[in-house]
Amino acid sequence: MPDVQSRTLMRAMIVDDHPLFCDALAMTLKVLAGLQTVETAGSLEEATRRLDAGVRPDLVVLDLNLPDVDGLDGLVRLRLAVPEVPVLVVSSMADPRIVRAALRAGAAGFVPKHAHRDTYRAALEAVREGRAYLPDGMQAEGEASASEEAIARLGLLTRQQARILQLICEGKLNKQIAFELAIAETTVKAHVTAIMRKLGVLSRTQAVLMAKEARFSAMVPEG
């Protein structure tokens with residue numbers, strides 16, 4: 001059996017708006033994985049600002065319930081910002097549909113927020129080995145829902161395309177988007193065409209509806 005290529009874990013970033021949990025998890029990660037540095041960010045905006053400034057952790061640990069994101073939007077945006085960095089979701093929202101959607105959106109694994117430290121140890125080992133992680137008893141199988149398919153398609157967008165789609169969702173016209181992003185209007189039009197092709201839709205309205213489906217529906221527990 002060939003050797004597994006191990007990933008080095010020296011630096012992590014925890015994105016969670018609960019300071020006490022961040023402190024406890026940071027200590028746990030240092031003990032279990034030997035991490036030298038663990039940074040914390042209380043919002044997605046703060047995390048992406050640091051990443052844009054050049055901070056490159058070996059692992060991002062993400063809570064889904066942040067004050068400045070809707071649904072799995074935070075995970076999608078992080079994956080676009082640093083596609084080479086594994087994102088481990090640690091959340092109290094462990095509904096099977098949310099777990100499936102998180103993995104489809106590119107999460108390296110899913111851990112219930114208050115899991116035992118052995119679970120965190122196993123998750124970190126899986127990340128090192130490049131394996132997707134789910135704790136025993138947590139299922140991610142099943143046919144994909146519309147929101148999960150939407151999330152998977154959104155993951156195909158480049159970071160610039162995701163930003164343009166966000167502005168479209170805000171009701172901005174191509175001319176306004178071009179001004180805000182300091183690019184040519186023809187460039188915006190080309191991006192919009194590419195966005196609709198990747199999402200498999202025929203209009204801007206359908207693209208907006210798909211974005212809303214991905215961001216909001218994935219957070220509604222199954223009845």
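Which residues touch the most other members of the largest nonpolar core? In this predicted model, that position is held by Leu62, Leu75, Leu165 and Leu199, within a core of 51 residues. At least three residues of this core come from domain 1 (11-129), and at least three come from domain 2 (157-218). A separate, second core comprises 24 residues, among them Ile14, Ala26, Val61 and Val111.

The chain has 223 residues, of which 48% are buried, and its secondary structure amounts to 10 helices and 5 strands. Among the contacts with a separation of 6 or more, 69% are between residues 24 or more positions apart.

Apart from neighbours within four places in sequence, Leu165 is in contact with Leu154, Leu157, Ile195, Leu199, Ala207 and Ala211. Helix H7 (residues 159-169) packs against helix H9 (residues 185-199) at an angle of about 95°, and the two axes are 10 Å apart. Because angles of 65 to 115 degrees count as roughly perpendicular, H7 is assigned a roughly perpendicular arrangement to H9. On the H7 side, the contact is formed by Gln160, Gln161, Ile164, Leu165 and Ile168, while H9 contributes His191, Val192, Ala194, Ile195, Lys198 and Leu199. Classified by residue type, the contact of H7 with H9 contains 7 nonpolar, 3 polar and 1 charged residues. The spacing of some of these positions can be read against helical geometry. An α-helix has 3.6 residues a turn, so residues three or four places apart point the same way.

The axes of helix H2 (residues 44-52) and helix H3 (residues 73-81) come within 11 Å, with a crossing angle of roughly 0°. H2 is therefore roughly parallel to H3. Leu44, Thr48 and Leu51 of H2 meet Gly74, Arg77 and Leu78 of H3 in this contact. The residues of the contact of H2 with H3 comprise 3 nonpolar, 2 polar and 1 charged.

H3 itself is largely enclosed by the rest of the structure, because 7 of its 9 residues are buried. The buried residues of H3 are Asp73, Gly74, Leu75, Val76, Leu78, Leu80 and Ala81. Leu80, located in helix H3, has a relative accessible area of 16% and is therefore buried, the cut-off being under 20%. Leu80 and Arg159 lie 79 residues apart along the chain, yet their C-alpha atoms are separated by 5.3 Å. Once neighbours within four places in sequence are set aside, the contacts of Leu80 are with Gly155, Leu157, Thr158, Arg159 and Ala162.

Buried positions also occur in helix H4 (residues 96-104), where Arg97, Ile98, Val99, Arg100, Ala101 and Ala102 are buried. Just after H4, Gly106 adopts a positive phi of about 105°. A positive phi is likewise found at Ala182, a residue other than glycine, with a value near 60°. Ala182 is placed in the loop between helix H8 (174-181) and H9. Its relative accessibility of 68% lies over the 50% cut-off, so Ala182 counts as exposed.

Conventions: Residues are numbered from 1 along each chain as its sequence is written. This is a predicted model: local features need pLDDT of at least 70, side-chain atom pairs count only at pLDDT 80 or more; totals for chains, interfaces and linings use all residues. Side-chain values use heavy atoms; hydrogens and water are left out. A nonpolar core is a set of buried Ala, Val, Leu, Ile, Met, Phe, Trp, Tyr and Cys residues joined through side-chain atoms within 4.5 Å. Buried means under 20% relative accessible area, exposed over 50%, partly exposed in between (1.4 Å probe, protein chains only). Domain bounds come from an automatic or database domain assignment. Contact means heavy atoms within 4.5 Å. Axes are lines fitted to C-alpha atoms, for helices over the stretch in contact, and angles run from 0 to 180 degrees between N-to-C directions. Helices (H or I, at least four residues) and strands (E, at least two) are DSSP runs, numbered from the N terminus. Angles under 35 degrees count as roughly parallel, over 145 as roughly antiparallel, 65 to 115 as roughly perpendicular and the rest as oblique. Ala, Val, Leu, Ile, Met, Phe, Trp, Tyr, Cys and Pro count as nonpolar, Asp, Glu, Lys and Arg as charged, and the others, Gly among them, as polar.
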